[in-house]
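Here is a short briefing to read with the structure open beside you. It covers the pockets and then the nonpolar cores.

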Amino acid sequence: METFGSRLRAALDERGPLCVGIDPHAALLARWGLSDDVAGLERFSFTVVEALADRVAVLKPQSAFFERFGSRGIAVLESIIRQSREAGALVLLDVKRGDIGSTMAAYASAYLDPDSPLRADAITVSPYLGVGSLQPAFDMAAAHGGGVFVLALTSNPEGPEVQHARAAGGRTVAQTVIDEISQLNRGATGLGSFGLVVGATIGDTGHDLSAVNGPLLAPGLGAQGGDPAGLKLIFGESLRNVLPSYSREVLSAGPEAVALQAAADRAVAACRAVIG
C-alpha cells in the first residue's frame, strides 16, 4: 500500500507545488453569475474540477460550503471527491474535525475509510481536545494510506491567544502539537503522511518545524495576503515539504476553464520559483 506522503511527493514533483481550495461561498458564486443554491454549487464545483483536477497536485474542498445545502450539497461533495481522484488529483478534505473516542472514530471512518462515499486522500483536524484524541484518525490513515493535517499555527488573529500560550515545560501549545506530529512521522521513508497546517501569513514566530518530516499545508496565499517569497521565512529548511494553498486568487478567475487554468499555472510558477 502506497502511503499518502509518497503519493503527495510524487504529485508535487509531477504537477508542481500547489493546492487549490474549492470554497463555493455565496459571494464567489455571485461573482461567477451563479445562484446561491445547489444548482449554483454544482455548476461551480464541477467547473473547477473539470478545469483543474487533471493538472494540479491537490484539490481542497471546504466541507462547510457543501454542508450548508444539506444532503444535496453533500451529494455534490461526494461527486467532486470521486471525480477529482479519478482525474489524478489528491483530495484534501478541509473538515477541521476534532472530538474524542467513538465520535472521532466515526469522523475518521467517514472521511478516511475506503468504503465511505466521502473518502478523501487526507483531512484537516483540530488538536485542541488534545493531540491524543485524534488517534482514531491517525490509525485509520495509517491503515488505508491516508493523510492527516493537524492545525498548528493559523493565520486568524485569534489563533495566537491559544497557539502561542506556554504549556508545562515552557513550550508553546503550537510547538507541543508540532513535536507530537513529528513523532508520528519518525522512521517514515521519504515524506511522512502526518502534516501540519501553518498559515502563509504568520511570519517568523520562532517555532521549530525542522523535525516534522511531513507535509506542511500553507493556506492564505494570494488574495488572503500571503506571498510565496514569505514561505522561506516561515518554513526555513523544511521549505521543500510545503504545500502552498490558494483559493480566491485562482477561483475568482472563473468561470471560464481556461482562465482558471491560467491562474493555477501562475500560482504554480510563483511557488516553484521559491520552493524549487
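The notes below go through the pockets and the cores in turn. Please keep in mind that this is a predicted model. The largest pocket holds about 440 Å³ of space, and the largest nonpolar core has 75 residues.

**The largest pocket**
- Lining this pocket are 23 residues, and the closest to its centre are Lys 60, Asp 94, Pro 219, Gly 220 and Gln 224.
- Four elements each give at least two residues to the lining: the strands β3 (90-97), β7 (216-221) and β8 (242-246), and the helix α11 (248-251).
- Strand β7 provides the largest share of that lining, with three residues.
- Sorted by class, the lining has 12 polar, six nonpolar and five charged residues.

**The second largest pocket**
- About 180 Å³ of space lies in this pocket.
- Its lining is made up of 17 residues, and Thr 3, Ala 188, Gly 192, Ser 193 and Phe 194 lie nearest the centre.
- By class, eight of the lining residues are nonpolar, eight are polar and one is charged.

- In soluble globular proteins, nonpolar side chains tend to be buried together.
- Within the largest core, Leu 52, Leu 196 and Phe 235 have the most contacts.
- Another core, of 16 residues, lies apart from the largest one and includes Leu 12, Val 58, Leu 151 and Val 197.

How values were computed
Residues are numbered from 1 along each chain as its sequence is written. This is a predicted model: local features need pLDDT of at least 70, side-chain atom pairs count only at pLDDT 80 or more; totals for chains, interfaces and linings use all residues. Side-chain values use heavy atoms; hydrogens and water are left out. On a 1 Å grid over the protein atoms alone, a cavity is a set of points where a 1.4 Å probe fits but cannot get out, and a pocket is an open set with protein on both sides within 12 Å along at least five of seven lines; lining residues have an atom within 4 Å of a point. Grid points are joined across faces, edges and corners, and a volume is the space filled by probe spheres set on the points. Ala, Val, Leu, Ile, Met, Phe, Trp, Tyr, Cys and Pro count as nonpolar, Asp, Glu, Lys and Arg as charged, and the others, Gly among them, as polar. A nonpolar core is a set of buried Ala, Val, Leu, Ile, Met, Phe, Trp, Tyr and Cys residues joined through side-chain atoms within 4.5 Å. Buried means under 20% relative accessible area, exposed over 50%, partly exposed in between (1.4 Å probe, protein chains only).
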